[in-house]
Amino acid sequence: MPRFGTRLSLGLLVLLGFMTFLLPAHPQGAPATADKPAPAAQAAASPGAPAAPSTPAAAASDYVGSSEQCKVCHADEYSSWEHSPHWATTLDTRGGPAHQGCEGCHGAAASHLADPTDTSKLFLFEKASAKDINARCLTCHASGTEHMAAINSLHAKNDVSCISCHSPHHATEPQFLLVKAQPELCYSCHLQQKPQFAMPFHHRVNEGLVQCTDCHNPHGTIGEHQLRSSATQDAVCYTCHADKQGPFVFEHEVVKVEGCESCHTPHGSPNAHLLKVSNVNILCLSCHTTSFTNAPGAPSFHNQAAQYQACTLCHSQIHGSNFDPTFFK
Ligand code: HEC
Ligand code: HEC
Ligand code: HEC
Ligand code: HEC
Ligand code: HEC
Ligand code: HEC
Ligand code: HEC
Ligand code: HEC
Ligand code: HEC
Ligand code: HEC
């Protein structure tokens, strides 16, 4: 009995929707303004509705509501979908058919099912703009911190869309549905970074110990270079190098103010400690030359005789110290 009721009201809604279609000039006067507005009118009232960013506004009746029927003709896509995490959308009925199965991504498919040559109401990823693709995927993936800045990420702004890196049907990496595994995925566009990680000393990204995405969020961040931040909203480096965070009684100001990159090149370096330059004294003297002549405390032995070039032999707690203002211990 309730089944019949649903069918009846669905039929009515379709009829109402059709009538609004016939009276586009006076939508207010249309029967849709009765206590239950037709879905078509609802969708039209909010063109930016997340359910269908770039396909024509769809009514509930435009959806098939089942992915089984697509299997006959699209066996490969069906199979890849069935074996992917996206299969789970069939279990979540809260958003209705617009957020489930094939139609959750490809949009209303009833007219396509009736006439397979009609793909006008479908969302076709190959033909869509990066902006529309991102919006489409983000109807479900916008929540949580990982995707908070996705709309304005450097990738999004440069027309790199979700499907530049992910493929729901043709992923070669089942985990995260990636087109390719890291770091090759990233190197395929970031050619300049490849030789950096081939330097004598580097974070072992190519060896699989650290990943590009440990430091960067490919979905964008509020900060520069799409860099992630630590749990305390500080430099990402502290997630793994917690001992450098302090706070210290005697801070080496530059660490906190200018950041790790003022001395290190994290991708790779000819220096064993990933310093920007090969010799530590040249690094220090790029900021400290004047202090030797001006500061009364500067010992006279700070000439550049060989034994004083290894600054960190004496100033060993270079990231900050709790005991010594010149970072000896
Ligand atoms: C009776 C066979 C048949 C069924 C059933 C069918 N399709 Fe199709 N589908 C086709 C054909 C044929 C094309 C190619 C149409 C064209 O390009 O003219 C197509 C094209 C598509 C495309 C566009 C592919 C591209 O290359 O851009 C999508 C997406 C799609 N179908 C999704 C679906 C979904 C979702 C369903 C289930 C609701 C479905 N199809 C059911 C036959 C079918
Ligand atoms: C998570 C979103 C998503 C879901 C769910 C989804 N697709 Fe797709 N579909 C895509 C994307 C993106 C492409 C473009 C090719 C790619 O990146 O894998 C695509 C491409 C296609 C194509 C074009 C041919 C091809 O393989 O590239 C067809 C046909 C298709 N999908 C049918 C389906 C059917 C049928 C279902 C349900 C069984 C489905 N899709 C579920 C996102 C999705
Ligand atoms: C430049 C490549 C790239 C782009 C563009 C990209 N992703 Fe990702 N995505 C990844 C990688 C790599 C991972 C693997 C997890 C990680 O290490 O961060 C991932 C993980 C994910 C995950 C699972 C992890 C999680 O916490 O959410 C989802 C969901 C996801 N991406 C969705 C999207 C969506 C939606 C878009 C488009 C708005 C998108 N991605 C754009 C590379 C990318
Ligand atoms: C209708 C909602 C919906 C849409 C649209 C959607 N997804 Fe998903 N996606 C999900 C759900 C649900 C999961 C599985 C649950 C989870 O892990 O969060 C998922 C999981 C993922 C994952 C993680 C896979 C893994 O191995 O953990 C990636 C990556 C992803 N989606 C990418 C995309 C991309 C790219 C698009 C657009 C082409 C897209 N999604 C569109 C609902 C959606
Ligand atoms: C240990 C952390 C870390 C890892 C791992 C890492 N990066 Fe970076 N990356 C950074 C930092 C920090 C910057 C900013 C450099 C600066 O400000 O001088 C950066 C900058 C960049 C830039 C901006 C241009 C440039 O070189 O300054 C690109 C592109 C980039 N990284 C890509 C990648 C890719 C691709 C990978 C993996 C192959 C990767 N990164 C791995 C920390 C990392
Ligand atoms: C399809 C090509 C493509 C892929 C794949 C890709 N990127 Fe990018 N990436 C770009 C473009 C284009 C930009 C913006 C222009 C630029 O800065 O180079 C960019 C920008 C960045 C930036 C910011 C650079 C800056 O100057 O601040 C980082 C960091 C980055 N990508 C990391 C990654 C990582 C990590 C991966 C792999 C998970 C990846 N990218 C995969 C194309 C790509
Ligand atoms: C995901 C964890 C992780 C993150 C994030 C990370 N590192 Fe590292 N770092 C490592 C590991 C592991 C090593 C050891 C490298 C090895 O043995 O190959 C290392 C080594 C180093 C070294 C060289 C240590 C030596 O032996 O002298 C420096 C310098 C360094 N990291 C700086 C940074 C900076 C700067 C950042 C932030 C931009 C950063 N790291 C982010 C894991 C990380
Ligand atoms: C003022 C320059 C400078 C800044 C800024 C700096 N470092 Fe260093 N760092 C060095 C020098 C010099 C060494 C080599 C120390 C030695 O010779 O023993 C080093 C060594 C390291 C090492 C390896 C040896 C060790 O002590 O574990 C790591 C890891 C490291 N730095 C991480 C970081 C991180 C993370 C940051 C940012 C929070 C940072 N550094 C900021 C100069 C700096
Ligand atoms: C990017 C600039 C920069 C670099 C590189 C740098 N420092 Fe500093 N250092 C500073 C600043 C800024 C201060 C705090 C202001 C001041 O007192 O000069 C400081 C303070 C110090 C102090 C505390 C004594 C004092 O004058 O307050 C010592 C010792 C010191 N640095 C040693 C070094 C050594 C050794 C290196 C190389 C491993 C180094 N610094 C690299 C900028 C830098
Ligand atoms: C043999 C040990 C030794 C070496 C090597 C050494 N220093 Fe020093 N440094 C000292 C001593 C001792 C002081 C004075 C400490 C004090 O006043 O308490 C000092 C003080 C400093 C100060 C603080 C001066 C001021 O303005 O107050 C700076 C900056 C500094 N050194 C930088 C360097 C740099 C850069 C190098 C490498 C080129 C270097 N030191 C190598 C022992 C050393």
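Because the model is predicted, local features were considered only at pLDDT of at least 70 and side-chain atom pairs only at pLDDT 80 or more, whereas totals for chains, interfaces and linings use all residues. Residues are numbered from 1 along each chain as its sequence is written, and chains are lettered from A and ligands numbered from 1 in the order in which they are written.

The protein contains 14 helices and two strands, taken as DSSP runs numbered from the N terminus (helices H or I, at least four residues; strands E, at least two). Of its 329 residues, 18% are buried, a residue being buried if 20 or more other C-beta atoms, placed from the backbone, lie within 10 Å of its own, exposed if 12 or fewer do, and partly exposed in between. Among contacts with a separation of 6 or more, 47% join residues 24 or more positions apart, a contact being a pair of C-beta atoms, placed from the backbone, within 7 Å.

Ligand 2 is surrounded by 19 residues, of which Cys-70, Glu-77, Cys-102, Cys-105 and His-169 are the closest; a residue is taken as near if its C-beta atom, placed from the backbone, lies within 6 Å. Helix H4 (101-106) and helix H3 (75-82) each supply at least two residues of this shell, and H4 gives the most, with five. Domain 1 (63-123) and domain 2 (129-228) each contribute at least three residues to the shell around ligand 2, the domain bounds coming from an automatic or database domain assignment.

For ligand 7, the shell comprises 17 residues, with Asp-214, Cys-237, Cys-240, Cys-260 and His-273 closest. Ligand 7 lies between domain 2 (129-228) and domain 3 (232-329), because both give residues to its shell.

Around ligand 9 there are 19 residues, and Glu-253, Val-254, Cys-284, Cys-287 and Cys-311 come nearest. Helices H12 (253-257), H13 (280-294) and H14 (311-314) each provide at least two residues of the shell around ligand 9, and H13 gives the most, with seven.

Glu-146 is located in the loop between helix H6 (130-141) and helix H7 (154-157), and it counts as partly exposed because it has 14 C-beta neighbours inside 10 Å. When residues up to four places away in sequence are not counted, Glu-146 touches Asn-217 and His-219. The C-alpha atoms of Glu-146 and Arg-228 are separated by 9.5 Å, although these residues are 82 residues apart along the chain.

How values were computed:
Contact = placed C-beta atoms within 7 Å.
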